[in-house]
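Here's a quick tour of a protein model, with a stop at its aromatic rings. Have a look at the picture, then read on.

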Amino acid sequence: MRRGPALAAVAVIGALALAGCGGSDSDSGSGSAASGAELSVDAAYIPQPVSDSMAAGFLTITNEGGTADELTSVTSGAGEVTVHETVDGTMKEVDRLEVPAHGQLVFKSGGNHLMFEKLKQQPKQGQSVTVELHFAHSAPVTVKLPVKAATYQPTAGHSGHSEDSGH
């Protein structure tokens, strides 16, 4: 299963643009003739962590398909990654989160987020951290999360509409 960081580095720029491309239609669909979930990822980043062992990651998973899917786990060569949900200001680790049909699963500061622990090295601004998103029905998606300044605030992609708007 491990293929090393060199292989992960091959998917630098195309990972986000091609994130929704899967190989085949799902056999385990819910009777829909459509191709099921159509996933893509954008607005991905990690604020430069102040800790050398922990970091948070944010991104938006968009499902343009007519079938919901679920994010079931996230893996990374950088360290252990868990998925956290924030409800009424309380954060808790969860096993899965739904990616609704024709909707989005948003990970943002103060909300749902990826938690990186036991980092092998502290990510620095200008670097990227590669993660692989695993879903209940769709093929895994590899995403590069650029490390941004600790004070970085995204201007698009974390609100209700994220149509690749400019600034």
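Helices and strands here are DSSP runs, numbered from the N terminus. This is a predicted model, and its protein chain has 2 helices and 10 strands. Starting at the N terminus, the order of elements is α-α-β-β-β-β-β-β-β-β-β-β. The chain has 167 residues, and 37% of them count as buried. Take the contacts between residues at least 6 apart in sequence: 71% of these join residues at least 24 apart.

Now for the rings. The count of aromatic pairs comes to 2, and here they are:

| Pair | Centre to centre | Angle between planes | Type |
|---|---|---|---|
| Tyr45 and Phe58 | 5.3 Å | 40° | tilted |
| Tyr45 and Tyr152 | 4.8 Å | 70° | edge-to-face |

Tyr45 sits in strand S1 and Tyr152 in the segment after strand S10, so this pair ties together parts 107 residues apart in sequence. Put together, ring pairs link Tyr45, Phe58 and Tyr152 into a cluster.

Tyr152, at 31%, counts as partly exposed. Lys148 lies over the face of Tyr152, 5.2 Å from the ring centre.

One more stop: Asn112, in the loop between strands S7 and S8. Asn112 is buried, with a relative accessible area of 15%, because the cut-off for buried is under 20%. Its side chain reaches the backbone nitrogen of Thr86 at 3.4 Å. Asn112 also touches residues including Phe58, His84 and Leu97.

Technical notes:
Residues numbered from 1 in each chain as written. Predicted model: local features only at pLDDT ≥ 70, side-chain atom pairs only at ≥ 80, totals over all residues. Heavy atoms only, no water. Helix = DSSP H or I, 4+ residues; strand = E, 2+ residues; numbered from the N terminus. Buried < 20%, exposed > 50% of the residue type's maximum accessible area, 1.4 Å probe, protein only. Polar contact = N/O pair within 3.5 Å; in protein donor to acceptor, adjacent residues only side chain to side chain. Contact = heavy atoms within 4.5 Å. Phe/Tyr/Trp six-rings, centres within 6.5 Å; stacked < 30°, edge-to-face > 60°. Lys NZ or Arg CZ within 6 Å of the ring centre and 35° of its normal. Lists of a residue's contacts leave out its neighbours within four places in sequence.
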